[in-house]
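Hi there,

Here is the structure I promised to pass on. Please have a look at it first, and my notes on what turned up follow below.

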Amino acid sequence: MQEKTFYTVTVFSENTVGVLNQITTIFTRRQLNIESLSVSPSAISGIHKFTITAFADTEDAMRKLVKQIDKRVDVLKAYYNTDEDLVYQEIALYKIETAKLVATSNVEELLRKHNARILDVSDHSTVLQKTGHYEETQALFDELSESIGVLQFIRSGRVAITKSRVERLSDLLARRELADLQDILIDETK
Amino acid sequence: MKEVKTKTAVITGSEALIRSLISEGVDTLFGYPGGAIMPVFDSMYDYKDKMKHILVRHEQGAIHAAQGYARVSKKVGVALVTSGPGATNAITGITDAMMDSTPLVVISGQVNSTLLGTDAFQEADVIGVSQPVTKWAYQIRRPEDIAWAVSRAFYIASSGRPGPVILDIAKDAQMLSCEYQYDKTTSLRSYRPAPTPRLEQIEAAAELINQAKKPFALVGQGVILGNAEKELIAFLEKAQIPFGWTILGLSAVPSDHPLNRGMLGMHGNVGPNIKTNECDVLIAIGMRFDDRVTGDLNTYAKQAKVIHFDIDRAEIDKNVKTTVSVLGDVKRTLPLVTERLNENSHTDWVDEFKEYEKKEYDCIIKNELYSETGPIKMGEVVNKVSEATENKAICVTDVGQNQMMGTRYFKFTESRSIVTSGGLGTMGFALPAGIGAKYGAPERTVCIFVGDGGLQMTIQELGTIMEYDIPVKIILLNNNYLGMVRQWQELFYKERYSETFMQNPDFIKIADAYGIEARKVVNREDLDNAIAEMFEYEGAYLLEVEVETKGMVYPMVPAGGSVSNIILGNGYSL
């Protein structure tokens, strides 16, 4: 079996109830497992943006998936990208025992090395925060697990932004408007 | 964007619904009442003169009837059902409409908005259940949302690639009052129903066709849905391109058109299947390369350059990789390509099909239609019924052997004359769909072909036919088997006829109990006379024909096989 590629799917939709369900069933039907998911308002008012990551065997599978998502009435546009097209980030929180943290000699070194922050400290526990790529948040997790242990851990879904200048959707909507005026079709795959 | 402004009035949600439907031109709808939809049925009582409601006997029947209505009339089919089981009973029909791109608006009652999510009596998560099988599904919880939601529903169902929409309306939204004003929807920001044609695609397609020595067109339902029958004929005739049609593309062109080479697919004609793998340019028009058409994709039209005309971007490159895709409404794209085509003739190429047509006639058709001895054959009945209507009737079929015989041997002179469950293959479709077709085209004759299995799946709709005196002609091809499954058991399961024999009731007595005129034919010499009697009789008529018990539909492309390896059966080979 060929190696799977990691894709980030970005979906712009109207802010209506049930869009998430419509999108996830399209993944399910094609046996694609969602690795992470985040939803937020986009730069365009009233339009929500879903960032979904998944592995796929072929680009063709991803292309078909995105077309099916795009076809839903409430969806304005769906795209897929590989990591090189994107600037992306995840955030992770780690809860550890305060006593054990204090007992280590290298708290400062640890925080500096991983560029982590302390969010909260109490007698019994301390919460650290780290942002970064998956490998980076995982590296801190591994180091903490091996040394002082992690009581609780949570990692967010990926948020991603394309390397292009503005929201691609703004471009698309503008081009659509122009195309409607001139009655010619633009290439919406770009 | 906003066109017809109606005056603002304060009315109940249920009345707002009825008035919205009337604003969309709905004069006929199919449904079944129940607790959570009662306010709507009550409001409908005041509008009886404007809108006719047909009370079916099961919600599945309401949806199939709405499908039959929509398919023949170019209008949106409308069905009205209650919450819970009413809505879940509708799901089969809704899925069928989704697969076959049939425009429907289904309205389901829902429990009070305050009870949503509490597992209330007759509550079902209708939106959750229906989202994967609808073009759009929306729950209405406030009366003021009814008008705009109905307006959107009709716009979405009927535009672009059509499909079913479900509106799930909480009972309190039906009962509470609101200000009412109806504005027709003409666009939605997030929805692009029909891509605008692109010049480079048009030119590339025309160039490929102009260079083709052996072009072959595949005609699908998109042509009919796009009302582009004339544009299609102009396109085909200008370059003299032979074509085959899909099961849902039937009747887009009159059957006797000289370029028509027959039906594609598993039980289609030999020529169009073989020639798919010999043409140099394959031109798919408003069709979606279903597996029943293509067989094994790895051996499908590999030699050909493929042009795909479609309104739905998601169909492009889904199953068959295209050389040139022509996105857009075929009503617009076909003429743009046609004007760039050179007049041409492909006489030698068209003649190549004829060798296969002769072979198919000699080995299969002659025997199926014109046998003089032995039991009556299914194809023979279909052919005689079609001829008795001068090929002018609407042919409604169920699913299975009756469907394949119906679509192979019925002939068409007019578009929108085939009503069949192509994608989902829903047994029990024919009887209620035939009812809807008769309401959709009351001036036309509606012939319903159904097997003994399928008839019994929705046989209760005989009650609807009785109550409304609907003059449909039901032709029951009775072989006492689930014939298509039996055929596969004979061919692929060593004749182990597991659960395909059926002990049947006396269908004539059943018809009689419903007050429907009926006659059973066993002997060939009675058939012509019985068919004539059926058409002479003014009302509904059930003609039961005892056909050969182990009839086979040939030719056949075995599932997953190559279209080149089509089997003739009965010991014949190509």
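Two strands are taken to pair if DSSP finds at least two bridges between them. By that criterion strands β9 (residues 215-219) and β10 (residues 243-245) of chain B are partners, because three bridges join them. The two strands run parallel, and within this pair B:A217 faces B:F243 of β10(B). Please keep in mind throughout that this is a predicted model.

The sheet around β9 and β10

Both strands belong to an open sheet of six strands in chain B, ordered β11-β10-β9-β12-β13-β14, with parallel pairing. At its edges sit β11 (260-263) and β14 (324-327) of chain B, each of which pairs on one side only. From one strand to the next, the twist averages 20°.

The other six-stranded sheet

Chain B also has an open sheet of six strands in the order β3-β2-β4-β5-β7-β6, and here too the pairing is parallel. The average twist between one strand and the next is 20°.

One bridge to look up in your viewer is that of B:Y138, whose partner in β7(B) is B:L167.

What packs against this sheet? Helix α3 (residues 59-73) of chain B does, touching β2 (28-31), β3, β4 (77-81) and β5 (104-110) of chain B. The direction of helix α3 makes about 165° with that of β4(B).

Chain B as a whole

Stepping back, chain B has 22 helices and 20 strands in total. Its radius of gyration is 24 Å, close to the 25 Å that the globule rule gives for 574 residues, so chain B is as compact as a globular protein of that length. Along the principal axes, the C-alpha atoms of chain B fill a box of roughly 70 × 60 × 40 Å.

How much of chain B is buried? Of its 574 residues, 56% count as buried. As for the contacts in chain B with a separation of 6 or more, 78% of them come from residues 24 or more positions apart.

Best wishes

Key
Residues are numbered from 1 along each chain as its sequence is written. Chains are lettered from A and ligands numbered from 1 in the order in which they are written. This is a predicted model: local features need pLDDT of at least 70, side-chain atom pairs count only at pLDDT 80 or more; totals for chains, interfaces and linings use all residues. Helices (H or I, at least four residues) and strands (E, at least two) are DSSP runs, numbered from the N terminus. Axes are lines fitted to C-alpha atoms, for helices over the stretch in contact, and angles run from 0 to 180 degrees between N-to-C directions. Two residues are in contact if their C-beta atoms, placed from the backbone, lie within 7 Å. The radius of gyration is taken over C-alpha atoms; the globule rule is 2.2 Å times the number of residues to the power 0.38. A residue is buried if 20 or more other C-beta atoms lie within 10 Å of its own, exposed if 12 or fewer, and partly exposed in between; C-beta atoms are placed from the backbone.
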